[in-house]
Amino acid sequence: MESVVGSQPLARLPQIAAAIDGIFDKVETRNSKFISDRNFKAGVYLNGSTCFDDIIDTLEKFVEFTVYHPHITNASETDRGQLRNDLHEFLLSHLAQVEDSHRLRAQGGPLEASVFRSAKSSFAQWIRSTSANHTGGPFAFSFLLCLLARDGQDFFPTVEGKYIAQDVARHVSTMCRMYNDWASIARDRKEQNLNSINFPEFHKDLSAATIEETVLKERLFRLCNYERKCLDLSMAELKKACSEDKAKQIQVFCDVTDLYGQMYMVKDMTPAVKKRETFDQPAEELSGKRVKA
């Protein structure tokens with residue numbers, strides 16, 4: 001999304017968002033059986049000049065591949081509905097991140113863009129919503145529950161189990177996004193991508209003329225530790241609200257996700273985005289074909 005959609009003009013993002021909404025509107029009206037005529041191939045590369053239709057077609061194939069996957073047919077409609085919701089939010093959060101990064105870059109050079117003055121929410125709201133969704137953690141968690149389902153029954157049959165399980169997913173996603181940002185500060189600054197430390201809350205009592213990275217990283221790391229404590233607490237409560245086998249399955253998900261986050265602490269593994277092109281042409285000309293109505 002960052003390399004393809006991120007290179008699109010800012011004015012095109014609402015079109016892409018509307019198209020994503022349309023994809024999910026179609027999904028909601030279809031039977032939940034696997035559509036075998038969709039020949040989705042992972043890893044398709046689209047360059048910065050990709051036309052609008054190709055972007056939407058790729059996203060639609062990805063959505064259909066996920067929500068009609070043959071291995072989730074045993075999941076309940078409730079769990080599959082949660083998967084659709086989380087997948088929808090996952091894609092929209094990428095657009096929100098792209099838009100935020102556009103506005104950050106509009107502030108000026110690296111020093112001018114060190115503080116996200118045009119933030120639309122507090123850091124706490126952003127990191128637990130747009131940012132956590134952007135990691136794909138909540139979406140992956142919902143997909144896992146559908147994969148583990150049996151006989152069309154909800155994986156967590158009680159409201160307590162459902163509530164705490166989603167809290168677990170939110171905390172582990174938030175924590176790992178913080179780990180990711182902690183490790184990618186240098187790359188994000190170079191590419192002028194929005195990072196946690198760009199939020200004004202991190203810059204209280206710091207000089208506006210300098211970028212005190214050590215202090216910023218220390219402040220972010222303390223929040224990582226707080227989210228870990230929240231994760232441990234919510235996981236302990238989940239073990240009381242479900243069977244031992246289910247708790248172990250969720251613990252594996254958390255451990256693997258946590259491992260990836262810690263790997264990012266050692267080395268930023270995200271490839272650098274190629275230099276963005278400047279788009280001055282109208283959207284229709286950029287696409288190589290006219291945008292469908």
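What follows is a short tour of helix pairs, a salt bridge and a surface patch.

This is a predicted model, where local features need pLDDT of at least 70, side-chain atom pairs count only at pLDDT 80 or more, and totals for chains, interfaces and linings use all residues. Residues are numbered from 1 along each chain as its sequence is written, and side-chain values use heavy atoms, with hydrogens and water left out.

Start by selecting residues 13-29, helix 1, and residues 77-105, helix 3. (Helices are DSSP runs of H or I, at least four residues, numbered from the N terminus.) Their axes are 11 Å apart and pack at an angle of about 180°; axes are lines fitted to C-alpha atoms over the stretch in contact, and angles run from 0 to 180 degrees between N-to-C directions. That makes helix 1 roughly antiparallel to helix 3, a label for angles over 145 degrees. Now show side chains: the contact (heavy atoms within 4.5 Å) includes Ile16, Ile20 and Phe24 of helix 1 and Leu87, Leu91 and Leu95 of helix 3.

Next, pick residues 213-241, helix 9, along with helix 10, which covers residues 244-266. The two axes come within 11 Å and cross at roughly 170°, so helix 9 is roughly antiparallel to helix 10. Among the residues that meet here are Phe221, Leu231 and Leu238 from helix 9 and Ile250, Cys254 and Met265 from helix 10.

Stay on helix 9 and select Glu227 together with Arg128. They form a salt bridge, with the closest N and O atoms 2.7 Å apart; the term means a side-chain nitrogen of Lys or Arg within 4 Å of a carboxyl oxygen of Asp or Glu. Arg128 sits in helix 4 (residues 123-128), so the pair ties together parts that are 99 residues apart in sequence. Across the whole structure, a search turns up 15 salt bridges.

Last stop: which helix holds Tyr260? Tyr260 lies in helix 10. Switch to a surface view and color Val252, Val256, Leu259, Tyr260 and Met263, which make a nonpolar patch of about 470 Å². Patch members have over 30% relative accessible area (Shrake-Rupley, 1.4 Å probe, only the protein chains shown counting as cover) and no salt bridge, with nonpolar side chains (Val, Leu, Ile, Met, Phe, Trp, Tyr) joined within 5 Å.

How values were computed. Patch = residues over 30% accessible without salt bridge, like charges linked within 9 Å, V, L, I, M, F, W, Y side chains within 5 Å. Helix = DSSP H or I, 4+ residues; strand = E, 2+ residues; numbered from the N terminus. Parallel < 35°, antiparallel > 145°, perpendicular 65-115°, else oblique.
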